[in-house]
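Reader: I would like to go through this model term by term, with each label set against its cut-off.

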Amino acid sequence: MARVLPYLGLLARGALITLEISALSLACSLLIGVLVGLVATSRAAAARAAARVYVEVVRSVPLLVQIFFVYYGLPLMFRLNLSPYQAATIALALYGGAYMVEAVRSGIQSVGKPQWEAARALGLGYWRTMAHVVAPQAIRVTLPAAIGIFISLLKGSSVASIIGFVELLQTAINIRNSIFSLSPLFVAGVLYFLMCYGLSRFGGRVERRFRYGAS
Amino acid sequence: MTSLFDPGLFWRYRSVIVAGAATTLLLGACSVAASFVFGLAGWLLKASKLRALAWVGGAYVEALRNTPDLLYIYGLYFGLVTIGVTFSAFTSAVLALGIQGGAYIAEIIRGAFTAVGHEQRVAARALGLRPWKSLAYVELPQMLRVAFPALGNQVISTLLGTALASVIAVPELTYQSQIIGDSTYQYFSVFSVDAVIYLVLVQVLTRLFHLIDHLWFGPWRGTV
Amino acid sequence: MRGRRRLASVVVVIAVLAAVLVAIDLRQGPVSGQNEEILQKVLRTHVLTVGTISGNPPWSITKPNGELDGYDIAIAKLIGHDLNAKVNFVVTSGAGRIPALQTRKVDLVLAELNYTGPRSLAVAYTQVYSNPISQFLVRASSPYKTIESLNSPAVTLGYALGGNEAQIWPAMLPNAKLQAFTTVADAEQALLSGRVTATGETDILNRELIKAHPGLLRAINPAYIKGFVGIGLPYGDFDWWLWLDRWVAYFNYTGQNQKLWDQYMGGGSPLVP
């Protein structure tokens with residue numbers, strides 16, 4: 001157990017990399033989620049169907065396969081050359097985005113029709129209603145869900161290690177290969193736990209505040 | 001020199017792809033079974049009256065929900081070797097996916113149990129049913145009904161998790177796809193088909209679960 | 001009626017997506033047959049884009065400060081010097097070397113790229129600049145002492161995806177089973193923990209491994225194959241291939257190859273007869 005001590009700094013750095021890529025992917029997921037979420041609540045049936053296809057596909061295919069597709073397949077399609085970091089971020093963003101669409105949709109739908117009608121009575125158009133009336137209230141449902149998605153992305157980032165992106169899990173594996181010991185994996189597990197559990201507690205607190213906040 | 005999509009590829013490698021899909025299903029079935037075993041054990045531990053056992057159950061659930069699958073797949077296969085335990089690749093994958101799924105299933109069972117409510121147990125007792133009978137005839141069917149959609153989702157989640165077993169060389173679908181890609185370099189085709197097969201499997205399972213839910217549990221919905 | 005309309009719109013969306021994909025594919029066509037020729041492009045822009053891998057000592061490694069170094073890297077820099085171009089390295093995984101050339105995102109690949117039949121259909125090669133021998137590596141305690149003894153159903157051979165093992169080994173040892181791992185390190189660990197019977201690597205790497213795990217590993221002689229490492233380049237550009245191939249011939253002929261080999265490999269010869 002003690003042999004892992006000199007490597008704790010490396011593991012901490014790995015955890016930071018995990019956090020960084022998850023946060024970046026979360027931001028992109030949010031963007032995708034909002035855009036596609038708006039499409040998913042639109043009145044055009046084809047648009048709604050497209051959104052639904054995207055969500056269903058992402059949720060029916062393993063994350064690893066999605067990452068492989070983005071890293072090995074997309075370069076052939078678009079003549080890009082993606083580094084493992086870029087490919088992983090894109091794949092995680094698309095993955096989180098699909099769940100974010102659900103979160104955004106529930107958020108928007110949690111604002112009842114009476115609000116929309118009242119807004120129209122006050123002369124607010126679609127976009128102003130969205131921005132000033134719906135969004136502030138939708139956040140109360142979407143934000144806790146977004147925190148849950150962040151946790152999933154933190155765990156999902158470990159899958160990026162397979163295409164060569166060095167984050168917490170890969171760091172732990174590399175250390176384990178140098179010192180023949182279980183401890184690096186154990187420490188990595190603890191670090192993942194601290195990050196995810198901490199976030200889920202934070203999410204719980206956010207949810208409770210929203211529930212007892214202003215209606 | 002090579003175009004994007006080469007359909008002839010799949011005919012040539014059809015036996016490899018089919019073998020991979022079969023292994024995926026086998027691995028999925030074993031992992032789901034394992035996750036139910038671990039889930040049941042986890043729930044019983046967590047619901048136990050003994051504080052020590054309840055703490056162990058709670059720790060199991062929280063630890064597994066907040067750590068990645070891949071950590072356990074690597075840990076059981078490559079990690080335990082350092083303390084002398086050598087599991088085969090298939091066993092490591094089944095155990096890893098089993099304990100992961102088990103944590104979620106324990107929570108699903110717990111939710112279903114509380115949903116069924118105390119009154120049911122009291123009423124059953126009042127009708128003269130002994131604890132075991134009450135459990136089997138009154139509580140379990142209702143718990144199953146409440147829990148079924150969530151359990152179905154978890155089964156699919158575990159099935160999708162089997163793809164991770166490819167990193168420890170379990171010859172399931174994603175592993176075979178990597179092998180084909182390695183020798184043909186047709187990565188786009190290979191991973192497209194890989195994705196489509198999972199898509200089809202998941203959609204079929206989802207529809208199947210909906211059907212079972214509707215047929216078996218539907219008529220009783222709304223009665224309790 | 002509404003359900004049917006929803007199904008119809010889903011079908012329409014999938015059809016549109018498929019049409020878009022087909023259109024992209026047709027627009028690309030075969031990925032070779034490009035407009036400007038690579039040699040002209042490099043001479044004009046003074047930038048040479050080289051694909052390589054990392055973590056493959058002493059061919060190419062990443063130094064702690066992030067820079068690349070190694071035998072292949074040094075060769076790339078020499079080529080850049082002769083073309084009066086700055087070298088821009090693109091690091092890929094082992095399996096990503098070929099797609100990088102297919103999409104012409106790199107001008108050439110210097111990454112211990114061995115010639116294999118299937119690869120030669122995807123990318124072009126220069127002549128050989130190095131042919132390191134590869135040996136099988138087994139646990140010191142295992143009973144296997146010859147290559148022929150490995151040709152048995154009880155034997156499992158481990159390798160890392162992206163190499164040429166899957167193409168060479170089945171022909172050489174048809175009865176043995178193969179197991180693919182994501183990285184060389186994983187295959188190594190599988191060997192050490194007894195999951196696979198043997199791995200196969202260049203004698204240089206095997207020497208490093210035996211040194212790193214004293215007493216645990218043993219190499220089987222003779223070597224099972226001599227490498228055929230050339231510079232990889234995209235198909236469809238004859239002038240580029242001609243220039244590079246001549247460059248490699250000159251590189252070998254003038255002894256520059258031997259000098260670099262001595263510097264990075266610490267002895268022996270890059271081209272063994």
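**Labels and their cut-offs**

Author: The crossing of helix 2 and helix 3 of chain B is left-handed, meaning that the near helix is turned anticlockwise from the far one by less than a right angle (clockwise would be right-handed). The model is a predicted one, in which local features need pLDDT of at least 70 and side-chain atom pairs count only at pLDDT 80 or more, while totals for chains, interfaces and linings use all residues. Residues are numbered from 1 along each chain as its sequence is written, and chains are lettered from A and ligands numbered from 1 in the order in which they are written.

Reader: What makes helix 2 of chain B oblique to helix 3 of chain B?

Author: The axes of helix 2 (residues 14-46) and helix 3 (residues 51-65) of chain B come within 6 Å and cross at roughly 135°. Helix 2 of chain B is therefore oblique to helix 3 of chain B: under 35 degrees counts as roughly parallel, over 145 as roughly antiparallel, 65 to 115 as roughly perpendicular, and the rest as oblique. Axes are lines fitted to C-alpha atoms, for helices over the stretch in contact, and angles run from 0 to 180 degrees between N-to-C directions. Helices (H or I, at least four residues) and strands (E, at least two) are DSSP runs numbered from the N terminus.

Reader: Which residues of helix 2 of chain B make the contact with helix 3 of chain B?

Author: They are B:Gly42, B:Leu45 and B:Lys46. Contact requires C-beta atoms, placed from the backbone, to lie within 7 Å.

Reader: Why is B:Ala22 called partly exposed?

Author: B:Ala22, in helix 2 of chain B, is partly exposed because 13 other C-beta atoms lie within 10 Å. Buried takes 20 or more other C-beta atoms within 10 Å, exposed 12 or fewer, and partly exposed is in between; C-beta atoms are placed from the backbone.

Reader: How many residues of strand 7 of chain C are buried?

Author: Five of the seven residues of strand 7 (residues 133-139) of chain C are buried, and the strand is mostly covered.

Reader: How do you know that strand 7 of chain C pairs with strand 11 of chain C?

Author: Pairing takes at least two bridges found by DSSP between two strands. Strand 7 of chain C has six bridges to strand 11 (residues 217-226) of chain C, running antiparallel, with C:Ile133 opposite C:Lys226. Strand 7 of chain C also pairs with strand 10 (residues 198-202) of chain C over five bridges in the antiparallel sense, and there C:Gln135 has C:Glu201 as its partner.

Reader: What makes the pairing in the sheet with the order 9-8-10-7-11 (chain C) mixed?

Author: This open sheet of five strands has mixed pairing. Strand 8 (residues 156-160) and strand 10 of chain C run parallel, joined by two bridges, whereas strand 7 and strand 10 of chain C pair in the antiparallel sense.

Reader: What makes strand 9 and strand 11 of chain C edge strands?

Author: Strand 9 (177-181) and strand 11 of chain C each pair on one side only.

Conventions. Contact = placed C-beta atoms within 7 Å.
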